[in-house]
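This report describes a structure for a reader who meets it here for the first time. Please keep the sequence and the model at hand while reading.

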Amino acid sequence: MDEELERTLRRLHEPLSRDHSRQRDDLVAAIEGRSPDKARGLKRHLALLAAAAVFVGIAVGVLWRVVLRQPSPPPPPDEPEVAFAQIKREVEEAGFAAQLLAAADLFARLPEGREYAVDRYRHIVATYPGTTAARTARQRLAAGHTGGKANEG
Amino acid sequence: MGSRGDGDLVRAVLDGDTAAFAVFYDRYAPLVRAVCHDATRNVHDAQDLAQEVFLRGFRRLRSLRHPDRFAAWIIGITRHVCREWRRGAWQTRRDRWPAEPVKAGDPVPDDEAVRRLHQSLLGLPEKERLAIHAFYLLDRSAEQARRVMGLSRSGFYRCLERAKRRLRRVMAEESEMDRG
């Protein structure tokens, strides 16, 4: 029974093993690209490639800074400080002009001081042209009366 | 190289020796194909499935914790691939291996005795069928066959004898039916 069974089994399995060698070669060809050694080799190559890329990146960065980059431009002018000084000066001028305007208005109330007041108004307009006091002094001069507004106020 | 143990071969493959995997193929492909053939009942599908089994085996070889148990492990993969095939998942990936022209008469054995034996084998429980395949395809080596099945020697012999008895009975019944 055993021999007969074995013989029949062999006949059953025979067609299955047809092309065994070719199939084995196909399989080996398929796995050779996936060999653990080759996979490890590929990982090593990738690591080297990544390290080389990092090195090149750093080198290019250093070159860019050291050789190719233009000298740094001079620092920008200290604008906030200048602006502060200018504002301080304008405030001071506005203060002086306002004091002069107040004094001129006081003189303008007096009949003998009107001529001096006109002279002061002109001085304010000429010396502190951008101030509120200069604008007021200009209006006094244009109105033709030297102490009118002051008197009205 | 053919006499090397499975454990040594596994370690050789993991060290990059693909020729060692070819030895595994020579040793176990007939058994793997037979198991696949029981599932597919078609020679070409069985051959394709066997290729898939060995390819998966190679890919997952590092996950094999006990290299000496390669035979049982590859049969485990075979059964899994066959289950996938039955579910139809694998059939959508049939282009993985180059298609081979089907020759007339190839898939179905033309020998009546062979056809009857295969029918009878398919009537056996899966474990007993594997015992028959393993014993006769691995040169009647009970030691190798029991390793494939993960059984003790005595356990394997009991299983093999049970399979033979059942096979004789099934074949006798089929003969009776044919005569009747």
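The contact between the chains takes 22 residues from chain A and 30 residues from chain B; two residues are in contact if their C-beta atoms, placed from the backbone, lie within 7 Å. The model is predicted, so local features need pLDDT of at least 70 and side-chain atom pairs count only at pLDDT 80 or more, while totals for chains, interfaces and linings use all residues. Residues are numbered from 1 along each chain as its sequence is written, chains are lettered from A and ligands are numbered from 1, in the order in which they are written.

**The side of chain A that touches chain B**

Helix H1 (2-13), helix H2 (20-32) and helix H3 (36-68) of chain A each supply at least two residues of the side that touches chain B. Helices (H or I, at least four residues) and strands (E, at least two) are DSSP runs, numbered from the N terminus. The largest share of this side of chain A, 8 residues, belongs to H2(A). By class, the side of chain A that touches chain B holds 10 nonpolar, 6 polar and 6 charged residues. Here Ala, Val, Leu, Ile, Met, Phe, Trp, Tyr, Cys and Pro count as nonpolar, Asp, Glu, Lys and Arg as charged, and the others, Gly among them, as polar.

Ser17(A) is found in the loop between H1 and H2 of chain A. It touches Pro30(B) and Arg33(B), leaving aside residues up to four places away in sequence. Ser17(A) counts as partly exposed because it has 18 C-beta neighbours inside 10 Å. A residue is buried if 20 or more other C-beta atoms lie within 10 Å of its own, exposed if 12 or fewer, and partly exposed in between, with C-beta atoms placed from the backbone.

**The two chains**

Chain A contains 7 helices and 0 strands, whereas chain B contains 8 helices and 0 strands. Buried residues make up 19% of the 153 residues in chain A; in chain B, 41% of the 180 residues count as buried. Among contacts in chain A between residues at least 6 apart in sequence, 53% join residues at least 24 apart. For chain B, residues 24 or more positions apart account for 64% of the contacts with a separation of 6 or more.

**Helix packing**

Axes are lines fitted to C-alpha atoms, for helices over the stretch in contact, and angles run from 0 to 180 degrees between N-to-C directions.

| Helix pair | Angle | Axes apart |
|---|---|---|
| H2(A) and H3(B) | about 35 degrees | 10 Å |
| H2(B) and H4(B) | about 30 degrees | 10 Å |
| H4(B) and H7(B) | about 50 degrees | 6 Å |

The crossing of H2(A) and H3(B) is right-handed; a crossing is left-handed if the near helix is turned anticlockwise from the far one by less than a right angle, and right-handed if clockwise. Gln23(A), Leu27(A), Ala30(A) and Ile31(A) of H2(A) make this contact with Gln47(B), Gln51(B), Phe54(B), Leu55(B) and Phe58(B) of H3(B). Its residues comprise 6 nonpolar, 3 polar and no charged ones.

H3(B), residues 43-59, has 17 residues and reaches 25 Å from its first C-alpha to its last, close to the 24 Å expected at 1.5 Å a residue; the expected span is 1.5 Å times one less than the number of residues. This helix is mostly covered, with 12 of its 17 residues buried. Among them are Leu49(B), Val53(B) and Phe54(B). The cover over the buried residues of H3(B) includes H2 of chain A together with H2 and H4 of chain B.

H2(B) and H4(B) are roughly parallel to each other: angles under 35 degrees count as roughly parallel, over 145 as roughly antiparallel, 65 to 115 as roughly perpendicular and the rest as oblique. Their crossing is right-handed. The contact of H2(B) with H4(B) has 12 nonpolar, 2 polar and 1 charged residues.

H4(B) also passes H7(B) in a right-handed crossing. In this contact, Ala71(B), Ala72(B) and Ile75(B) in H4(B) meet Gln144(B), Arg147(B), Val148(B) and Met149(B) in H7(B). These residues divide into 5 nonpolar, 1 polar and 1 charged. The buried residues of H7(B) include Arg147(B), Val148(B) and Met149(B). After H7(B) comes Gly150(B), whose phi is positive, near 70 degrees.
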